[in-house]
Amino acid sequence: MSLIEIENLSKVYTIGDTSTHALRAVSLQIDDGEFVTVMGPSGSGKSTFLTIVGGLSAPMSGRVVIDEIDIYSLRRDGLSDLRREYIGFVFQSFNLVPYLNVLENVLLPLAPTGMQAKKQTAVAGDILTEVGLYEKAKHLPGELSGGEQQRVAIARALINDPLIILADEPTGNLDTATSESIMQLFKLLNERGKTILMVTHNPGYRSYSTRAIDFRDGTIVGDDMKYIPQMSADYREGREFQQNIWTHD
Amino acid sequence: MRVYHIGLKNLKRRRVRTALTILGLALAVAIEVALTGITKSLEYDFSRKLDEYGANILILPKSDDLSLDYGGLSVAGVTFGSEKLGMSDLAKIKAIKNSENIATVVPQLFHAADVNGRNVIVSGVDFNSEFRLKRWWRSSGSRPDEPDDILAGSAAAQALNLKPGDDLEIAKHHFRVAGILTETGSQDDKLIFISLPAAQKVFDKGEALSMIEVSALCYNCPIDSIVAQIGEKLPNAQVMALRQTIETKMDVMHRIRHFSIILSVAVVLFAALMIFVNMMSSITEREKEIGIFRAVGFKRKHVLAVLLFESLIVSLSAGIVGYLFGISGAYLARPLMGLHGIQGFGIDTILTAFALSIFVGVSAAIYPAYKAARLEPTVALRSL
């Protein structure tokens, strides 16, 4: 079974007397370790698709099954737990909390958990080192460049070691050189086993992904699958452990 | 990092807003604390003055032969010549459990006597106690200080044609008019006052007393309890509280207290409204941030915890600042109110200040926090 199973997703936005079909019976399967770029013109439904897959907004009909969990059958708190444990979000405008420093922003998803402070700091330290921002752990987001802020957002998305990273135009506010380095980072994460679903307008980023999906008017009009990467043995082991926790909880 | 850490960080970030919110709530707490202190002090001061201004307990023998209109109050059951009350009872009164509330004990002996061919009631009193109890007494001439000095009520003096320095014979004993009381409008105008030992001697009453007046300081004491305690000590006496005096006093106190409560409630409601509006506006500003919290896995209860924790910190700080402001305000207002001291700054006032601050601060924040917690995480993605 695929890591993400999407069946007949539909979503209609109604404003006054006007209804807009954002998604029309979209179905898709995404396997473990895929790096999927989602492309399409503005208003094609790709962002709506991402928010529904990420458990942020319920569809009008259809199902999203992640790791064999029908996420919208969960209670509201269960959905919050799932977002925290399974998904890391990276947004175009970084969405960092301005009054928390880099380290605290990265630790944000761990705040509601009971993890000990020392362990939290150790985990965050490793991730900040990985994204090259360990030295700026005490800086506020406003003191960082756009690229650095996006690295902090990526570090925050990784802090819970999620299976899936959902990124919505992560390079939309960055210059070309910085964008390339962020994409390299995503590629690296994908090579380490993370499943990535990224909305982008830049066709050039297809080369980083393993699969490209095109949206038009709320439906998928193109699905170009290049290859399914091989998962490492360590990653597969961790993945099975995480799945068991949810299955038996 | 813990959830409360976020609340602290936000309060530090918005220093001015946090300080103004604390100040607003602190002012409400301060006004409540100061009003409580001033009200208690006014009550205490007023009560002491009233307590000292005339008797509020009357002790009579139990026999019921005559009635006496005393101080505008109908006091039943005075038996002149009764010997059921005596000098030894004075010490018993001062030995009751609430003895510290007894301000003045005034013994009296009444006896009808023929003076210059007219029937007059002669009252034997302890002049020092009498003048202390009846601060409204004014007299022409001098205060009686010799054993054979007398003080004549204005009506009695007019009827007997007395003036200071006149000699007078009562029950074959010689007395001198030391002074004439100016009109009091009470039964005192009709009496001739001589010293208690002299009265007991000339009327051959030994140590007998007709009546004992007691002025009890009853700011913090139940008058009924004092009456009961005296009754226990003097089983042969009839002990009565002068309800009229007490009820007048309580009525004034209740008015002061009600005014204070109304003012406090108005100020507290205003503070609650201010915090509510402030929180609602803050929530609107923080929608995106709350959306981020929800997106990264915060449950509604976690968002609620962040916001209510912030409100709790603001409330506690306001409680401290408000209490200190309140004390200072009350002491500064003291001379304006003609008060010598301020009452009511004990542990109960501190606890009340904190309880009030937390209740107002947190309860005013509950709805905005609840509203924030219900925000959907898609708010964070509005920019897309």
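A salt bridge here is a side-chain nitrogen of Lys or Arg within 4 Å of a carboxyl oxygen of Asp or Glu. Helices are DSSP runs (H or I, at least four residues), numbered from the N terminus.

This is a predicted model, in which local features need pLDDT of at least 70 and side-chain atom pairs count only at pLDDT 80 or more, while totals for chains, interfaces and linings use all residues. Residues are numbered from 1 along each chain as its sequence is written, chains are lettered from A in the order in which they are written, and side-chain values use heavy atoms, leaving out hydrogens and water.

**The interface between the chains**

- Contact (heavy atoms within 4.5 Å) links 36 residues of chain A with 27 residues of chain B.
- About 2,700 Å² is buried between chain A and chain B, and carbon and sulfur atoms give 62% of that area. Buried area is the accessible area (1.4 Å probe) that two parts lose on being put together, summed over both.

**The side of chain A that touches chain B**

- At least two residues each come from helix 1 (46–53), helix 2 (76–86), helix 3 (102–107) and helix 4 (117–130) of chain A.
- Helix 2 of chain A supplies the largest share, six residues.

**A nonpolar patch on chain B**

- Val16(B), Leu20(B), Leu23(B), Leu27(B), Ile320(B), Leu324(B) and Phe325(B) make a nonpolar surface patch of about 670 Å².
- Helix 2 (15–52) and helix 10 (300–337) of chain B are the elements that give two or more residues to the patch; helix 2 of chain B has the largest share, four residues, and Phe325(B) lies in helix 10 of chain B.
- Such patches are made of residues with over 30% relative accessible area and no salt bridge, with nonpolar side chains (Val, Leu, Ile, Met, Phe, Trp, Tyr) joined within 5 Å.

How values were computed: Patch = residues over 30% accessible without salt bridge, like charges linked within 9 Å, V, L, I, M, F, W, Y side chains within 5 Å. Areas by Shrake-Rupley, 256 points an atom, 1.4 Å probe, with all protein chains shown as cover.
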